[in-house]
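Start with a strand, then follow its surroundings.

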Amino acid sequence: MDKKTYNIIGMMCASCQSQVEKALQGVEGVDHVEVNLLTNQAVVSFQSDIPEADLIQAVEDQGYGLEIPNPIQEKTVDLKLTDMTCASCVANVEGALQHLEGVMSASVNLMTERARVTYDPHKLKLVDMIQAIENQGYGASRLDEAEAISTDSQKHQDQKENRALYFSLILAATMLYITMGQMFTYKLPLPSFIDPDINPLNNALLQIVITIPIVWLNRDYFRRGFKTLFKGHPNMDSLVAIGTGSAMLYSFYGFFKILNGEPHFVHHLYFESAAVILALIRLGKTMESRSKAKTTSAVKALLNLKPETALLIREDGVVEIDADEIRIGDHLLVKPGTSIPMDGRILEGESAVDESMLTGESIPVDKTLDDDVVMGTMNLNGRLVIEVTVDDQNTKLAQIIRLVEDAQNEKAPISKVADKVAGVFVPVVMVIALISGILWFIATKDLERALTIFVTVLVIACPCALGLATPTAIMVGTGVGAQNGIFIKSAEALEAAAHIDTVVFDKTGTLTHGKPVVTDIITNLPENEFLTIVGSLENASEHPLAHALVSELEERNLDILAIDSFKSISGKGLQGSVGGKSIAIGNEALMDSLNISTDRYEADVKRLSQEGKTAMYVSDQTALMGIVAVADTLKTESIETVKVLQDMNYDVIMLTGDHRDTAHAIADQIGIYHVLAEVMPEEKSAKIKELQNQGQNVLMVGDGINDAVALVQADVGIAVGTGTDVAIESAKIVLMKDNLKDVVNALALSKATMRNIKQNLFWAFAYNVVGIPFAAGLFKVLFQGPLLDPMIAGAAMALSSVSVVSNALRLRRFKIKI
């Protein structure tokens, strides 16, 4: 039965409500109607589609109106941003987007220079968002358009940036030699015509000649800095532009003093501060960019798995085509030793396929007729013909790449503090710099010292480190996880996993294989003869335990005998005739009904039951022939995984629908002391909620199928053993290998990533909290310490963000725990 909600116009009272209800109820096909006078809405239930025109007409005939509500359509777009340099830029762009009517959420990532915006397309267009960003002084374009830029163009841009860096450093080093080299006890040699004491004007002119190209090569700092400043949203570039610009303005004032006959001003020029600061900041930004590029190596490695060509089978033979030309339904030839070019189904051949590049599982998987294969995996030793089943945008590899990129573009809740600080950071620093300069001038009447303090405070402040602290670590952490078959779907899940204290395992299919197998056969008959009789009769049954017995028969290559009769007895077992001999298989109740004594095997049945196994009696017409036990066996790694988690101080719980005694028997084998037994599938989420209500942070581990609701209810849900299926909606973390050890590895990775983020945030805050007062001269005033040189401040600022990125890159050395 379907339901739809409609808006009703013109209702004034309960009488109106009744008339509308009757009118709608009278339309053919309508099963039930509920009209709400308060909300002026009608909920109509129906079995099959009804022409909405009939509903409208029926209501209008009564003198009212019926409107089909226009649901809010959410649309999400990714934008590529340019000219962002620090956390203040992030705050500026996010603020601009979030103030637009129709924007539901906006998240900007400094690391990837992307913005993800969810909006109502009825109220807002893409061009409005781009305009709002440009009004803040930044550039924006739709991501797919931005990605159309060729690799050659990017290489050309990188070469251009490198040339600018090298020229800036060479010129800055020359400037240092000319200026600072004369301040040593033993002056560095200079030709007399540019010696500041002999020819001060020539020396000043040379400094200007060197400074101008450095300023030109680094003009983007001034362009972006003053642009955002005049827009009322200053950023890091604004600090650099004002600081170095002030130093140059004062230096030009000194140059004119030299022209007017005051040669001693040559020792009071600050061209070298401006030049060296700009060169060092460019060096720091280049190092930062190169380090940032390394953090995306995981996604690049996944992208590189996509083959460039494929062998298409046509009526006239096999032809090589570009991989982008593959279409659904194409038949492709995959030779041994080549990558599978597209997701598909095997039509011919069999082979071992290496899926380690996607799943992290090193053991090749045997593939045969009708098995699915995945793009990017390696066909090892057999010739395959596959039929393409999906398009390029919906391959497993494309899903994985989108999942990883989405996680990397998200913000972790821990970054909110840094975001708030970043929003006011630059204006506050500008105020501190101005006040510090004024106070020093009032105290000393020394304009040069006041200017030095002003420039140093502006230059040392680094909002970049604040902006990069969280996204760099998240990008590296999720990338490391992806390389090991651990897919973390969001930054929020990554942070939540680091705060888990309770791990709940669903038993069936998670701690166990989820498939009953024969574990014990006790009989006086030859074992294979006994099993042949039992398996032949069970072959006629659809019970899950029957499948285990038949599978055991097949594994031993034993023949299935013909049966003469078969009868299933609900709640007891089954009876039938095999080879003319009457056989009964079932529980004690069935044996009692047949007057068969079970005393002989009573002790064995009790022991097997305590071990969590299901024992079945087998008898002929007169006596017991033996017993056979079936159980869902433990995964080999379950015991080790649980032991390691307990050693890591996690409370490990087993959740199962099994009888309490059986559940505890299995838990004892694993080493789990906390068991929630006799829990029906629909009750699992309620049990998780009970644990959460007790103040526990719960991680639920399941297969993502029959425990989906519980996975969603948990603080973090992990789906285990999904192979290449990462699209399980209920899980926040997906483990592609069917190996419980990766639960430990996922938790260890999340803790390592959060530890790295906290280190980065501490460094980012500590650097600014210590650096800015130092630059303002506070240590000089309080402890008679040294004043900071603007050039050293510039170098410190440039290296601060590099240190944050470098620290995040240490996560690439994360070692799998077990």
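Buried means under 20% relative accessible area, exposed over 50%, and partly exposed in between, using a 1.4 Å probe and protein chains only. Helices (H or I, at least four residues) and strands (E, at least two) are DSSP runs, numbered from the N terminus. The model is predicted: local features need pLDDT of at least 70, side-chain atom pairs count only at pLDDT 80 or more, and totals for chains, interfaces and linings use all residues. Residues are numbered from 1 along each chain as its sequence is written, and side-chain values use heavy atoms, with hydrogens and water left out.

Strand 19 spans residues 502–506 and is mostly covered, with five of its five residues buried. Thr502, Val504 and Asp506 point one way. Val503 and Phe505 point the other way. Two strands count as paired if DSSP finds at least two bridges between them. Strand 19 pairs with strand 26 (residues 651–655) in the parallel sense, over five bridges. There, Asp651 is the bridge partner of Thr502. Strand 19 also pairs with strand 28 (residues 698–702), again parallel, over four bridges. Here Val503 has Leu699 as its bridge partner.

Next comes the core. A nonpolar core is a set of buried Ala, Val, Leu, Ile, Met, Phe, Trp, Tyr and Cys residues joined through side-chain atoms within 4.5 Å. The largest one has 147 residues, of which Phe505, Ile718 and Val743 touch the most other members. Helix 27 (residues 741–775) gives this core its largest share, 14 residues. What does Ile718 contact, leaving aside its neighbours within four places in sequence? Contact means heavy atoms within 4.5 Å. The partners of Ile718 include Leu699, Met700, Val701 and Gly702. Val743 and Ala746 are also among them. A second, separate core has 29 residues, including Ala310, Ile386, Val388 and Ala719.

Helix 19 (residues 527–538) has twelve residues. From first C-alpha to last it reaches 16 Å, close to the 16 Å expected at 1.5 Å a residue. That expected span is 1.5 Å times one less than the number of residues. Nine of the twelve residues are buried, so helix 19 is largely enclosed by the rest of the structure. The buried residues run from Phe530 to Glu538.

Now turn to the charged pairs. A salt bridge is a side-chain nitrogen of Lys or Arg within 4 Å of a carboxyl oxygen of Asp or Glu. The structure holds 26 of them. Asp78 bridges to Arg116, with the closest N and O atoms 2.7 Å apart. This pair links distant parts of the chain: Asp78 sits in strand 5 (residues 75–82) and Arg116 in strand 7 (residues 114–119), 38 residues apart. Asp78 is partly exposed at 21% relative accessibility. Arg116 is partly exposed at 26%.

Arg345 and Glu387 meet in another salt bridge, at 2.6 Å from N to O. Arg345 lies in strand 12 (residues 344–348) and Glu387 in strand 17 (residues 384–388), so the pair ties together parts 42 residues apart in sequence.

A local case is Asp647 with Lys643, at 3.0 Å from N to O. The two are four residues apart in helix 23 (residues 638–647), so about one helical turn separates them. Asp647 is exposed at 52%, while Lys643 is partly exposed at 47%. Elsewhere, Asp520, Asp604, Arg607, Glu611 and Lys613 are linked in a network of salt bridges.
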